[in-house]
Amino acid sequence: MLPLRQLACSWWSCLLNSRTPCVKTLVHGDQRRLFNTSNSRMTIMPAWVIDRYGSNDVLRFTKNAGFPIINYPNEVIVQVHAAGLNPIDVSMRGGYGAATMAMKRDPLNINQSGSEFPLILGRDMSGIIMECGLDVAPAYFKEGDEVWAAIPPWKQGSLAEFVVLSANEVSKKPKCLSHIEAAAVPYVAATAWSALVNTGGLNKDNCAKKRQVILILGGSGGVGTFSIQMLKAWGAHVTVTCSQNAECLVRGLGVDHVVDYTAGPVEVALRALEKFDLVLDNVGGDTESWALGLLKPWCGAKYVTLVTPFLRNTDRLGIADGMLQTGVTVAYKALKHLSKGVHYRWGMFAPNGPALDDISEMVDAGKIRAVVEEEFTFSQVPQAMLKVEKGHARGKTVVKISSGEDSSE
């Protein structure tokens with residue numbers, strides 16, 4: 001390994017006297033790897049940020065956002081070509097989950113309150129790897145690879161020209177998708193995978209062999225449209241609720257039965273159908289009061305909701321009391337419904353690069369397609385956020401990220 005003094009002097013000289021990347025060869029284990037230090041031009045980048053929580057007027061475009069830095073050897077820097085927006089971005093803009101996200105960013109509570117600002121939103125990303133950390137195996141990722149990822153909400157997001165991610169959060173982008181199409185998939189795919197596979201226990205084998213009968217409440221949004229396609233690819237029987245004007249969309253994705261929630265009490269129409277093996281709830285509200293009654297009792301059937309009070313509890317009560325309240329709530333509901341022969345579960349987003357690997361194969365095999373409702377330019381991020389905020393989605397809203405020389409005007 002190069003002497004520390006010599007290495008430091010070389011980096012310092014390079015940063016002061018050169019406008020090009022400084023490349024040094026470092027010995028890591030028994031391998032020689034190139035290590036790139038960012039050049040003087042790459043200390044800032046264009047991005048949309050917020051400096052406080054609030055409504056859409058807190059969004060601010062800047063050309064001086066801090067350029068992401070590789071802090072850990074398993075990280076990669078990705079140039080973002082397209083970013084997908086989700087309801088979680090609108091919620092985070094208003095401060096939802098701020099207490100929990102602050103704990104994830106700063107577990108020892110060293111930094112002052114508000115240290116997350118300026119904060120970059122955006123959970124979906126499709127782009128090209130520009131730099132790899134020392135522990136990122138070239139067999140998995142290298143500079144120039146086209147990748148996609150679902151960015152954890154405690155990290156800086158994708159409404160910027162570059163983002164830094166852990167290699168296990170990143171996956172090779174499907175070859176058949178453009179960056180715009182690819183940016184519509186990762187966050188909803190990771191959320192649906194967590195809910196249906198990790199929590200619900202479904203997979204391609206048991207869906208096909210046991211003919212799982214699934215109900216998706218709110219089937220026309222991002223998570224719903226992805227879940228439909230994955231479950232149908234696995235051979236499940238899928239029923240969804242949606243409005244009448246979304247029926248063509250979900251039927252085009254292969255749904256077996258559609259219930260129009262605008263035509264009358266949706267629970268009445270659903271009770272007339274056969275009982276379900278799993279209910280995926282994207283709606284929340286009063287659905288819990290009747291949805292669990294639609295499950296097959298004493299058959300291992302599960303109700304999985306993505307609308308949980310966890311982040312709201314920690315925001316309102318603080319981390320310790322919020323987690324305690326959350327634990328009491330979920331334990332009470334689980335025991336209450338277990339006595340009736342059904343399982344009550346909460347689904348949570350979890351970044352999952354390996355799951356995206358499997359999903360990428362399904363996309364390239366033609367089993368899953370991206371559902372993009374509307375595309376916006378980088379200058380139109382505020383309009384894109386308002387579009388997501390209105391709800392009633394028919395797929396995903398995607399922002400095409402402009403190059404470093406472009407402005408927001």
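Analyst: H392 is exposed, with a relative accessible area of 61%. In these terms, buried means under 20% relative accessible area, exposed means over 50%, and partly exposed lies in between (1.4 Å probe, protein chains only). H392 is found in the loop between α14 (381-389) and β17 (396-400), and its phi is positive, at about 55 degrees, although it is not a glycine. Helices (H or I, at least four residues) and strands (E, at least two) are DSSP runs, numbered from the N terminus.

The model is a predicted one, in which local features need pLDDT of at least 70 and side-chain atom pairs count only at pLDDT 80 or more, while totals for chains, interfaces and linings use all residues. Residues are numbered from 1 along each chain as its sequence is written, and side-chain values use heavy atoms, with hydrogens and water left out.

R211 also has a positive phi, of about 45 degrees, although it is not a glycine. R211 belongs to the loop between α6 and β10 and is partly exposed, at a relative accessible area of 41%. Q212 lies in the loop between α6 (204-210) and β10 (213-217), yet Q212 is buried, with a relative accessible area of 8%. Leaving aside residues up to four places away in sequence, Q212 touches L202, N206, C207, A236, H237 and D277; contact means heavy atoms within 4.5 Å. Another backbone feature is the cis peptide bond from F117 to P118, with omega near -5 degrees. P118 lies in the loop between α3 (98-105) and β6 (124-132).

The protein chain as a whole has 14 helices and 17 strands. Buried residues account for 51% of its 409 residues. Among contacts between residues at least 6 apart in sequence, 69% join residues at least 24 apart.

The close look now turns to helix α5. Two packed helices are described by the angle between their axes and the distance between the axes. Axes are lines fitted to C-alpha atoms, for helices over the stretch in contact, and angles run from 0 to 180 degrees between N-to-C directions.

Helix α5 (residues 186-199) packs with helix α7 (residues 222-233) at an angle of about 60 degrees, and their axes are 9 Å apart. This angle makes α5 oblique to α7. Angles under 35 degrees count as roughly parallel, over 145 as roughly antiparallel, 65 to 115 as roughly perpendicular and the rest as oblique. On the side of α5, the contact is made by V188, A189, T191, A192, W193, L196 and V197; on the side of α7, by G222, V223, F226, S227, M230 and L231. These residues comprise 10 nonpolar, three polar and no charged ones. Ala, Val, Leu, Ile, Met, Phe, Trp, Tyr, Cys and Pro count as nonpolar, Asp, Glu, Lys and Arg as charged, and the others, Gly among them, as polar.

Helix α5 also packs with helix α13 (residues 353-364), at about 105 degrees and with the axes 10 Å apart. This makes α5 roughly perpendicular to α13. P186, A189 and W193 of α5 meet A355, L356, D358 and I359 of α13 in this contact. By class, six residues of the contact are nonpolar, none is polar and one is charged.

Rings of Phe, Tyr and Trp (its six-membered ring) pair if their centres lie within 6.5 Å; planes under 30 degrees apart count as stacked, over 60 as edge-to-face and the rest as tilted. By this rule there are seven aromatic pairs. Y187 and F349 form a stacked pair, 4.5 Å centre to centre and with 25 degrees between the planes. Y187 lies in helix α5 and F349 in the loop between β15 (343-346) and α13, so the pair ties together parts that are 162 residues apart in sequence. Y187 is buried at 11% relative accessible area, and F349 is buried at 18%.

The rings of W193 and W234 have centres 5.9 Å apart and planes at 75 degrees, so this pair is edge-to-face. The pair links distant parts of the chain, 41 residues apart: W193 is in helix α5 and W234 in the loop between α7 and β11 (237-242). W193 is buried at 12% relative accessibility, and W234 is buried at 9%. Elsewhere, ring pairs join W48, F61 and F378 into a cluster.
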